[in-house]
Amino acid sequence: MLERIVISGFGGQGVMLIGRLLAYAGMIEGKKVAWIPSYGPEMRGGTANCTVLISSNEIGSPIVSHPKILIAMNQPSLDKFESNVSDDGLIILNDSLIEREVKRNDVNVIKIPADDIADKLGNSRAANMVVLGAYVEQSGIVKMDTIFKALEKVLAGRNKKLLELNKEALKQGAELVRKGKSNG
Amino acid sequence: MEEKMLMKGNEAIGEAAIRAGCHFYFGYPITPQSELTAYMAKKLLKMKDAVFVQAESEIAAINMVYGAASTGVRAMTSSSSPGISLKQEGISYIACAELPCVIVNMQRGGPGLGSIQPGQADYFQATKGGGHGDYHLIVLAPSSVQELVDLTMDAFDLADKYTNPAMILGDGLIGQMMEAVEFKERKKINLPDKEGWTLTGCKGREKKYIVPFNLDPYEMEKLNLKIQEKYNKLKEKEVRYETVNLDNADLIIVAYGIVARIAKTVMSNAKKEGINIGLIRPITLFPFPEKIIAETSEKVNKFLVVEMSMGQMVEDVKLAVNGKAEVNFYGRVGGVIPTQSEILTEIKKYLK
């Protein structure tokens with residue numbers, strides 16, 4: 001098993017955190033993990049992306065040219081990475097901020113109105129957790145409980161309310177995928 | 001056993017250094033290694049009898065390391081390519097004064113100010129001296145975040161053992177990426193007593209000197225020969241490398257650091273196409289693992305050296321192979337990382 005995930009969005013949308021939580025959760029579950037940020041002369045509001053590898057074996061190259069999963073939090077991210085996703089891959093997109101359709105028909109697509117759900121929860125910054133919840137539910141790559149554990153580690157020292165909000169956002173993202181599945 | 005932690009390469013070096021007893025850090029920030037300077041600031045400023053200085057320049061930082069090392073403490077500085085160039089005079093002085101210390105270079109694309117993306121074009125500088133005069137650093141090249149931890153700790157031991165500066169030669173990618181690391185309990189090893197040479201204040205004892213010169217050429221020659229003797233011992237005793245699948249390989253890749261990781265993916269993809277690739281990954285770049293390369297060249301007649309440079313380590317591979325096999329080269333530079341598919345394409349060219 002080798003999962004290759006690219007997560008991309010505006011700086012400030014928490015895409016690095018999605019990646020760290022996935023890597024952390026994978027590590028807790030005894031898998032090999034790597035998290036690679038894009039780095040450069042970045043600025044506030046610019047695009048940010050990171051790559052996460054989760055594997056049952058030792059990870060060779062940490063460079064991913066063709067991710068199996070793309071999590072696109074905004075339109076520039078979809079524009080940049082859509083063509084790289086491997087055949088039969090999965091694109092999870094933030095429907096609240098992306099207006100166009102995915103052009104390819106050889107990949108699976110899940111649309112999550114992440115910002116809308118997060119707004120309803122009272123904090124639009126939790127949109128990243130909604131999307132992460134959806135991905136975890138869809139893929140089963142790690143258990144949701146493990147993501148909660150990772151969240152507790154990564155947000156250690158922050159206020160408890162924030163933790164609960166994030167957990168709720170994760171659950172709602174997962175719920176959306178479950179509903180989608182049962183509706184066929 | 002301690003719990004696994006998810007750490008960035010740069011931060012893992014910092015933690016490893018502190019656990020190895022390095023409580024004296026002098027640095028100047030530069031991408032892509034600034035997290036290391038930041039980590040040392042965060043940790044050392046809270047510790048008693050520890051010193052963190054963000055120096056006014058790279059040159060100042062290396063000379064602070066020189067001073068600290070003279071007193072026998074474990075000291076470190078870190079930078080990335082252009083900053084390491086600035087440190088060369090100081091490094092040469094430290095090598096001449098025979099002081100132990102650790103220097104970290106998380107390489108970026110060069111030459112000049114270059115780019116801030118990963119590179120490996122400082123190989124010559126790191127392994128052949130870098131500064132003026134006949135000296136070498138002990139050069140260790142990690143290829144995972146765990147190895148960054150282990151080799152950082154080893155670097156301090158080796159530096160103390162040989163009273164010679166050691167360098168961790170990484171790159172921007174390994175510095176920036178996060179992987180799981182463990183800080184394992186390490187075996188105690190016997191290191192030489194430093195008391196004979198450390199400068200600790202001469203009250204009540206004879207004066208001691210640590211100087212990077214001797215104006216008598218015959219004495220200076222003697223010092224050179226003494227230093228060379230250490231390098232001979234390093235070549236004899238401290239060579240490290242990893243080999244994978246050397247038997248029956250159609251071609252051997254020689255690569256270090258992050259590029260060796262990419263090579264491992266190349267190997268498993270090539271295998272699916274019926275191509276049998278072997279790998280020699282130097283872990284010590286100085287001393288260079290020439291013996292295993294020479295031995296392998298008796299059995300396999302094709303080599304491909306892959307680097308993020310225009311061809312530097314390939315020269316050492318050619319020297320080791322000594323004409324017994326064909327040595328080819330593939331490199332990407334300026335901050336570009338070679339992909340596994342382009343390396344595989346390159347390999348196929350030579351196996352036609």
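Student: Why is the pairing of Lys264(B) with Glu58(A) called a salt bridge?
Tutor: The closest N and O atoms of Lys264(B) and Glu58(A) are 3.6 Å apart. A salt bridge needs a side-chain nitrogen of Lys or Arg within 4 Å of a carboxyl oxygen of Asp or Glu, so this pair qualifies. The model is predicted: local features need pLDDT of at least 70, side-chain atom pairs count only at pLDDT 80 or more, and totals for chains, interfaces and linings use all residues. Residues are numbered from 1 along each chain as its sequence is written, chains are lettered from A and ligands numbered from 1 in the order in which they are written, and side-chain values use heavy atoms, with hydrogens and water left out.

Student: How many salt bridges does the rule find across the interface of chain B and chain A?
Tutor: Two salt bridges are found there, and six residue pairs are in polar contact, both residues at pLDDT 80 or more. On the side of chain B, β1 (5-8), α8, β8 (178-181) and α10 (258-272) each supply at least two residues. The most come from α10(B), with five.

Student: What makes up the area buried between chain B and chain A?
Tutor: About 1700 Å² is buried, and carbon and sulfur atoms give 67% of it. Buried area is the accessible area (1.4 Å probe) that two parts lose on being put together, summed over both. Leu6(B), Met178(B) and Arg261(B) supply 32% of what chain B buries against chain A, more than any other three residues. In contacts (heavy atoms within 4.5 Å), 24 residues of chain B meet 20 residues of chain A.

Student: How do you know that domain 1 and domain 2 of chain B are in contact, and how many residues are involved?
Tutor: By the contact rule, 34 residues of domain 1 meet 25 residues of domain 2. An automatic or database assignment sets the bounds: domain 1 is 5-200 + 224-237 and domain 2 is 242-350. Their centres, over C-alpha atoms, lie 27 Å apart. The two domains bury about 2400 Å², with 58% on carbon and sulfur atoms. Gln120(B), Tyr123(B) and Ser143(B) supply 30% of the area on the domain 1 side, more than any other three residues.

Student: What makes Lys128(B) and Asp316(B) a salt bridge?
Tutor: Their side chains meet at 2.6 Å, N to O, which is within the 4 Å limit, so the pair counts. The domains share three salt bridges in total.

Student: Why is helix α5 of chain B described as mostly covered?
Tutor: Seven of the nine residues in 88-96 are buried, where buried means under 20% relative accessible area, exposed over 50%, and partly exposed in between (1.4 Å probe, protein chains only). Among them are Ile91(B), Ile94(B) and Cys96(B). Their cover includes α3 (58-70), β5 (101-107) and α9 of chain B. After α5(B) comes Glu98(B), with a positive phi near 55 degrees.

Student: What does the side chain of Lys111(A) do with the side chain of Glu101(A)?
Tutor: The two side chains make a polar contact at 2.9 Å.

Technical notes. Helix = DSSP H or I, 4+ residues; strand = E, 2+ residues; numbered from the N terminus. Polar contact = N/O pair within 3.5 Å; in protein donor to acceptor, adjacent residues only side chain to side chain.
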